[in-house]
Amino acid sequence: MGALHKAHLKLIEVARERAKGDGEVVVSIFVNPLQFEPGSDYERYPRPEKADEDFCRSAGVDLLFRPSSAEMYFGDRSVLVEETSLSNTLEGTARPGHFRGVCTVVAKLFNILSPNVAVFGEKDFQQLAIVRRMVRDLNFDIEIIGVPTVREEDGLACSSRNQYLKPDERKQATVLREALLKASGRVCAGDVLAARIIADVRETIAQAPLARIDYVDLVNAESLHPLETIGPNSLLALAVFFGKTRLIDNIRLP
């Protein structure tokens, strides 16, 4: 959605590797109104158009596709794309209708741009899983590549929303990565009860006075169904507010 940073650069680099010498790398930038719930940050979401254009040029992008909302959506639109299983947990519960907006715009972008490969970041793990399911179920002939989360030096996951954080919020936001790594360590030490791991994560995050937890959940990384006991392919995911800024992160557990 723009406000490009080094995590987006990694996506571009992976796309370039796959494109090789005879392919093109396309970046789409579109702040999608359908995936913002009422009262969210759609109006204030950063849109540094010139900076994003320069970023893409420096990264060697072949085409920047940056449509307006009017170009993407008819005023009397009546067709939407909705996933009905993987979107019932995590972000889907916290942000009703969000993934309907994601699936609709991604399907439209796929139809407009006709890519052979599309690259998404694993920070938005649920989004990646849902896009993969949509591609499978709707027979898009597109390979979906997931790229591991890119982080700042202090561990905070790169996000366009990080720029919203006030200095004290930014400093305390590192507790998210700290909590995830601590949980991973407990699992490695043999603690496999989901409720206990979740409680420990919440306790760690609560040490940051400015943090307000939206959710902390343990799910199966394929089905995204909640887990009671941690096993292979487990995902610990969280969403936490610092002031008005909502940050998400996750970790695959051993």
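Q: Which residues in α8 and α9 meet?
A: This is a predicted model, and in it V175, L176, E178, A179, K182, A183, R186 and V187 of α8 meet R196, I197, D200, V201, T204 and I205 of α9.

Q: How many of those are nonpolar, polar or charged?
A: Sorted by class, the α8 contact with α9 has 8 nonpolar residues, 1 polar and 5 charged.

Q: OK, where do these two helices sit in the chain, and at what angle do they cross?
A: Helix α8 covers residues 175-188 and helix α9 covers residues 194-205. Their axes come within 9 Å and cross at roughly 150°.

Q: So are they parallel or antiparallel?
A: Roughly antiparallel, because that angle is over 145 degrees.

Q: And is the crossing left-handed or right-handed?
A: Where α8 passes α9, the crossing is right-handed.

Q: Switching topic: what about α5 and α6, how do their axes cross?
A: Helix α5 (residues 98-113) and helix α6 (residues 125-137) have axes that come within 11 Å and cross at roughly 55°.

Q: What do you call that arrangement of α5 and α6?
A: The two are oblique to each other.

Q: Which residues make the contact there?
A: From α5 you get F99, V102, C103, V106, A107 and F110. On the α6 side they are Q126, Q127, I130, V131, M134 and V135.

Q: And how do the residues of that contact divide, nonpolar, polar, charged?
A: For α5 with α6, there are 10 nonpolar and 2 polar residues, with no charged ones.

Q: Last one: is the crossing of α5 and α6 left-handed or right-handed?
A: The α5 and α6 crossing is right-handed.

Notes:
Residues numbered from 1 in each chain as written. Predicted model: local features only at pLDDT ≥ 70, side-chain atom pairs only at ≥ 80, totals over all residues. Heavy atoms only, no water. Axes fitted to C-alpha atoms, helices over the stretch in contact; angles between N-to-C directions. Helix = DSSP H or I, 4+ residues; strand = E, 2+ residues; numbered from the N terminus. Parallel < 35°, antiparallel > 145°, perpendicular 65-115°, else oblique. Left-handed = near helix turned anticlockwise from the far one by under 90°. Contact = heavy atoms within 4.5 Å. Nonpolar A, V, L, I, M, F, W, Y, C, P; charged D, E, K, R; others polar.
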